[in-house]
Structures are given as structure tokens and as C-alpha cells.
Amino acid sequence: MYRQGRPLAITDLLGPNPRDRGSALLDSLLAGSAAVEEGLLGAVKSDVRFIAESGRSLLRTGKALRLRPLLVLLAARFGDPHAPGVVPAAVAVELTHVAALAHDGVRGAEAAGHTRPDPHALLDTSVALLTGDFLFARASQILADLGPDAVRVQTAAYERLVTGQILSRTGPSEGCDPVAHHREVAAARTGSLTGVSGRLGALAAGAEDHVGDALARYGERLGTALGLTDDVLGPAEDDLLRAEVLTGPCPPPAHPAPGRVLREALCSALQARAALKDLPDCAARGALAGLCDAAAARARP
């Protein structure tokens, strides 16, 4: 179980005795994560040294636990987890996520009057934006090799993500419930890519369509819960899920109704768990449920 102030690790997904409950799954996830990391480093290689260096700098965001690749790997367990497209799908999703963080971080920094999008970056804002474009281009190349269905679902998710970023800047329209607006932003900005992670993992592994549908619903609800909770918890030190889900140059704006936001987050976490009910009972489903439990624990007072 997740405890406030301690980073979430892969072993937390398998319960207190992971070696007794799912050593095969744990070993597979660790091996898959290593392959994803290798793929990410390969994707940012460039003959232009500065592009490669800036790409590696951006990839350091959230390296301790890459949530979206982990969801791809877990979703693939409902089909053929060793299918050749699984790791590339995970790499593409993470590249898209990091590219979006670079763009959003620059805009947030500019709005706050800062000059740099990330305290770890050695880049000015224009280079950070261009590096984000470079990562997105590499993600698109990988997706093209996975087929038109992969391209379609990823680009639709990215459209929603960008929409969420815009809505987060414009704020709720007149007469709109601010908490409802906040939920919509979290679903688009965070839930879009966590949802597509489940969908792409199932697609790459050749899982049945209804399995992909369930995993997409699960991922979107989980991402929404994490995004909502993060905005309320704010800049808690050593909070990995904050770093992974909504990294930015400055803490999120204070919300006028944190209690309601947390209740919405808890509801989304429970909806994510409910989305798993029609999936086969296996270690991967238990791990996905463990993520729901972690999200729910963060949302409870």
C-alpha cells in the first residue's frame, strides 16, 4: 500500500509479499521497464549533440516510476506480453508524455514570469519547446510502425491532452462549477494518456477488443484520480506520483474546494477499480487494482 511521503515502487503493486504473490509478473515488469528505458534513450539519439543532450535531460522527469509505460506493460499481460510492439508502444506513450510536459512547463513558466520550464533543464524555453517537438516526432515514427490503429488512438489522446492544457489556462466558463471544470481538465490532461496506455498495451499484445476498452476506461479513471489528488496535495516532498503525473515548474494553483476535489478523485479511483471487473483474474489485474488502491489512499483524508 502506498504511504504518503514514500515513493511508489513497482513492488508496491504486488502486495506486501511480492515474491510470494507474483514473482513472474514482477520480473517481467522489471525486464520490460529496462527495455523501455533503453528504447527511450535510443529514441533521443541524434547526430546533433545538443538535441540528444536536451532530450536526455527531459527524459529524466519521473524516471523512478514511469507510470504510462508501466500501464502499457500491464495491459499487455492480457494478450501476448512478448509481442514485438509492446515495448515500442510504451516508449511512444512516454515520449508523448514527456513532450507534453516540456510544452506545458514552458507555458507555465512563462505565465509565472520564470525563464526556465524545469529546474533540471539546461535549456531556454524555445529549445525546450523544440525538443518537445522532436520527442513527439520520434513518438509518431514509432507509432507509424505499429499501424494505423495505434496512430489513431494516440493522436486522439494527444488532442484531448492539448485541450486539457488549454482549459487549464482559460479556467471555467461563467456559471460553470469550478470542480466540474477541474475534473474535465484532469481527465483530458492526465487521463488521456493513461487511458491510451491501457488501449495501446492491449492493442500491441493482440488482446480482444473488449479488453482494450476496459483497460482504456481503467487508465483514464486512474489518471483522472491521480491528477485531481495531485492538485490538492500540491508540492509534497518526495511524492513520486506528483512528479510523474503533473510535473511543472511551480505548484498547481490553490483550488477553492479541495475537499470536493478529493472526493472526485476517490470516486475516479473506485471507477478505475470497477473497470477491471470483467478482466480475467490474474496477477496483472491485481497489480492494476493495487494502483487504484494507492490512488484511493491518497484521496482519503
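**Close-up views of a predicted model**

**View 1. The surroundings of T96.** Setting aside neighbours within four places in sequence, T96 is in contact with F136, A139, Q154, Y158 and L193. T96 has its place in helix α5. Is T96 buried or exposed? Its relative accessibility is 0%, and T96 therefore counts as buried, the cut-off being under 20%.

**View 2. The largest nonpolar core.** Here we look into the largest nonpolar core, which has 65 residues. Which of them touch the most other members? They are L95 and Y218. Helix α5, covering residues 86–111, gives the most to this core, with 11 residues. Apart from it lies another core, made of seven residues, including V179, A186, L228 and A265. As background, nonpolar side chains in soluble globular proteins tend to be buried together.

**View 3. Around Y218.** Neighbours within four places in sequence are again left aside here. Y218 is then in contact with L71, A272, A275, L276, L288, L291 and C292.

**View 4. Helix α12 and its buried residues.** Helix α12 runs over residues 283–299. With 17 residues at 1.5 Å a residue, α12 should span 24 Å, and its end C-alpha atoms are 25 Å apart, which agrees. Why is α12 described as largely enclosed by the rest of the structure? Because 12 of its 17 residues are buried. Among the buried residues of α12 are L288, L291 and C292, each of them also in contact with Y218. Others on the buried list include A284, G290, R298 and A299.

Note on methods. Residues are numbered from 1 along each chain as its sequence is written. This is a predicted model: local features need pLDDT of at least 70, side-chain atom pairs count only at pLDDT 80 or more; totals for chains, interfaces and linings use all residues. Side-chain values use heavy atoms; hydrogens and water are left out. A nonpolar core is a set of buried Ala, Val, Leu, Ile, Met, Phe, Trp, Tyr and Cys residues joined through side-chain atoms within 4.5 Å. Buried means under 20% relative accessible area, exposed over 50%, partly exposed in between (1.4 Å probe, protein chains only). Helices (H or I, at least four residues) and strands (E, at least two) are DSSP runs, numbered from the N terminus. Contact means heavy atoms within 4.5 Å. The expected span of a helix is 1.5 Å times one less than its number of residues.
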